Amino acid sequence: MIDVIIIGGGIAGMEAACTLHDFGFEIIILEKDKHLGGHLQNWDTLFPTKRNASEVLDHYVKEVQKRSITVYLNTDVTSVTKQDNGSFEINTSREVVFKCKTVLMTTGYDLFNAERKEEYGYKIYDNVITSADLEKLLQTNKGELRSPSGNPIKSVAFVHCVGSRDEKSGNHYCSNVCCVTGVKQAIKMRQLLPEAQVFNFYMDLRMYGAGFEEMYREAQEVWRVQFIRGRLSEVAETIDKRLQVKAEDTLSARPLRMHVDLLVLLVGMEASKATGDFAQSCNLACAQNRFVETADFHIASNKTNVEGLFTAGCAIAPLSVFDTVNHAKAAALTVKEHLRLNN
Amino acid sequence: MNKFGFTTAKSRVIEYDNMHNKLLDYIIENEPSFSACLSCGSCTATCSAANLTNFNIRRLNIQIRHGELDGIRQEIDKCMLCGKCLLVCPRGINTRNAIMLMKKGLVSLELDN
């Protein structure tokens, strides 16, 4: 019987697969997409180093290939059921039923659908895009960067906390990485468009990680990104496809108004729909925020309420690449310990 | 003679389009740390002048960022240049130098009013 089946071939899944393989276990990765890598495939650069995301992605894909780890692509997991002997059966979109001793869920997250914040005009106005769209744009863009409607960009505004810390979208939690992504992207825009003004509308700026605060200060001092404390109330399009935004400058307690050529919504993370789809089949406990609930947040954050079913990465909460990779490595150790005790 | 007709209140809205920021550019060019302000307010909390007047150096930073220079000369004159603000600033902004640059800039850029 297979030792570990890993559901999800993003960086968490790949990292854990390589470590577990090196411990001598037999591994299978099930991935719903046609490639390994998850969301990382769509990112241009990574904070705080601003390196190319493809360097990290290529590293992990190569490591998986080097070890000849079995990967099933285009495979949707439909149910995970625990057997009386403690093993698991996994049903997927394929005909074969997978059997294994333990399961590691690295099912990641979904991006918040910005259309739900209708007042910001995503998919209504041409020049409102999300932070994920901007990464895609930066990945593929050659030559001068223009707004989706083809206009030159003289001013850009970023909106923080879109779909995060917002009861109106049903997500009360903070998505962790959008603040620093906003700073990273603001710097990038100033580098690409030295004549453009860049504004970041924030509620709080949460620069929690190593090197984040330094990058924030770099944005202020070197790149003169203008940080405005206030949340946008609404966006309207002008006849020339520019966007009028309204907010309160809460530090001076007055309303403000400006026109920008491009509006970028920093979208947060939500628990992956795939997780919810099969969580019920194995009675997996999820927290109020719909992410997987860990057995003990501090001392067993890779364990779940189901013995033999482990988790790592953004399945438990919004995490950065740094945190995801470390959590996945920890998961490999936790799974190893479990297999040692139960064999 | 009384003037007749309607008057409208001056808008309180901060208009970012076509904002002129010559004084801000001048200060930042000579004291780049001025742009690192987080509006924490520790400068104003320790300010001797703020104990006695409505002088507010934190607010001054924001006003200058907005290019609003009406009456700021009189505001700056309330500062006694004691420098306590620069001792407490968590971002190490040379606030006293910023005040001096405001004074110089208003004169040299002919923005004084």
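User: How is chain A divided into domains?
Analyst: This is a predicted model, to begin with. Chain A splits into domain 1, made of 2-108 + 272-342, and domain 2, covering 114-269.

User: What separates the centres of domain 1 and domain 2 of chain A?
Analyst: The two centres, taken over C-alpha atoms, are 32 Å apart.

User: And how many residues does the contact take from each domain?
Analyst: Domain 1 of chain A gives 13 residues and domain 2 of chain A gives 18 residues. On the domain 1 side, seven residues are nonpolar, four are polar and two are charged.

User: Switching to sheets. What is the order of the five strands in the open sheet of chain A?
Analyst: The order is S10-S17-S11-S12-S13, and the pairing is parallel.

User: Which strands stand at the edges, and why is one side of each left without a neighbour?
Analyst: S10 (128-130) and S13 (226-229) of chain A are the edge strands. Each has a single partner strand, so one side has no neighbour in the sheet.

User: By how many degrees are neighbouring strands of this sheet turned against each other?
Analyst: On average 25 degrees, with direction ignored.

User: How many bridges pair S11 and S12 of chain A?
Analyst: Five bridges, in the parallel sense, between S11 (residues 155-162) and S12 (residues 197-202) of chain A. One pair to look up is Ser155(A) with its bridge partner Gln197(A) in S12(A).

User: Which strands does H4(A) lie across?
Analyst: H4(A) lies across S11, S12 and S17 of chain A. Its direction makes about 170 degrees with S11(A).

User: And H3(A), what does that lie across?
Analyst: H3(A) lies across S10 and S17 (262-267) of chain A. Against S17(A), H3(A) runs at about 115 degrees.

User: At what angle do H3 and H4 of chain A pack?
Analyst: The angle is about 40 degrees, and the axes are 11 Å apart. H3 covers residues 131-140 and H4 covers residues 178-192 of chain A. That angle makes H3(A) oblique to H4(A).

User: Is the crossing of H3(A) and H4(A) left-handed or right-handed?
Analyst: H3(A) makes a left-handed crossing with H4(A).

User: Which residues make the contact?
Analyst: From H3(A), Ser131(A), Leu134(A) and Leu138(A). From H4(A), Cys178(A), Thr181(A), Gln185(A) and Lys188(A). By class, that contact has three nonpolar residues, three polar and one charged.

User: What about H1 and H7 of chain A, at what angle do their axes cross?
Analyst: Roughly 40 degrees, with the axes coming within 8 Å. H1 is residues 11-22 and H7 is residues 321-342 of chain A. The crossing of H1(A) and H7(A) is right-handed.

User: Which residues of H1(A) meet H7(A)?
Analyst: Ile11(A), Ala12(A), Glu15(A), Ala16(A), Thr19(A) and Leu20(A). Their counterparts in H7(A) include Val321(A), Val325(A), Ala328(A), Ala332(A) and Val335(A).

User: How do the residues of that contact divide by class?
Analyst: The contact of H1(A) with H7(A) has 10 nonpolar residues, three polar and three charged.

User: On to chain B. How many helices and strands are in it?
Analyst: Chain B has seven helices and one strand. Along the sequence the pattern is β-α-α-α-α-α-α-α. The C-alpha trace of chain B spans about 55 × 30 × 25 Å along its principal axes.

User: How many residues does the contact take from chain A and from chain B?
Analyst: Chain A supplies 13 residues and chain B supplies 12 residues. On the chain A side, H5 (212-221) and S16 (254-260) each supply at least two residues. S16(A) has the largest share, six residues. The chain A side has four nonpolar, three polar and six charged residues.

User: What joins S16(A) to S1 of chain B?
Analyst: Two bridges, and the strands run parallel. S1 of chain B is residues 14-15. Leu256(A) has Ile14(B) as its bridge partner in S1(B).

User: What is the order of the open sheet of four strands?
Analyst: The order is S14(A)-S15(A)-S16(A)-S1(B), with mixed pairing. S14 (234-237) of chain A and S1 of chain B stand at the edges.

User: In which sense do S14(A) and S15 of chain A pair, parallel or antiparallel?
Analyst: Antiparallel, over four bridges. Within that pair, Val235(A) stands opposite Val245(A) in S15(A).

Definitions and conventions: Residues numbered from 1 in each chain as written. Chains lettered and ligands numbered in written order. Predicted model: local features only at pLDDT ≥ 70, side-chain atom pairs only at ≥ 80, totals over all residues. Contact = placed C-beta atoms within 7 Å. Nonpolar A, V, L, I, M, F, W, Y, C, P; charged D, E, K, R; others polar. Pairing = 2+ DSSP bridges. Axes fitted to C-alpha atoms, helices over the stretch in contact; angles between N-to-C directions. Parallel < 35°, antiparallel > 145°, perpendicular 65-115°, else oblique. Left-handed = near helix turned anticlockwise from the far one by under 90°. Domains from an automatic or database assignment.
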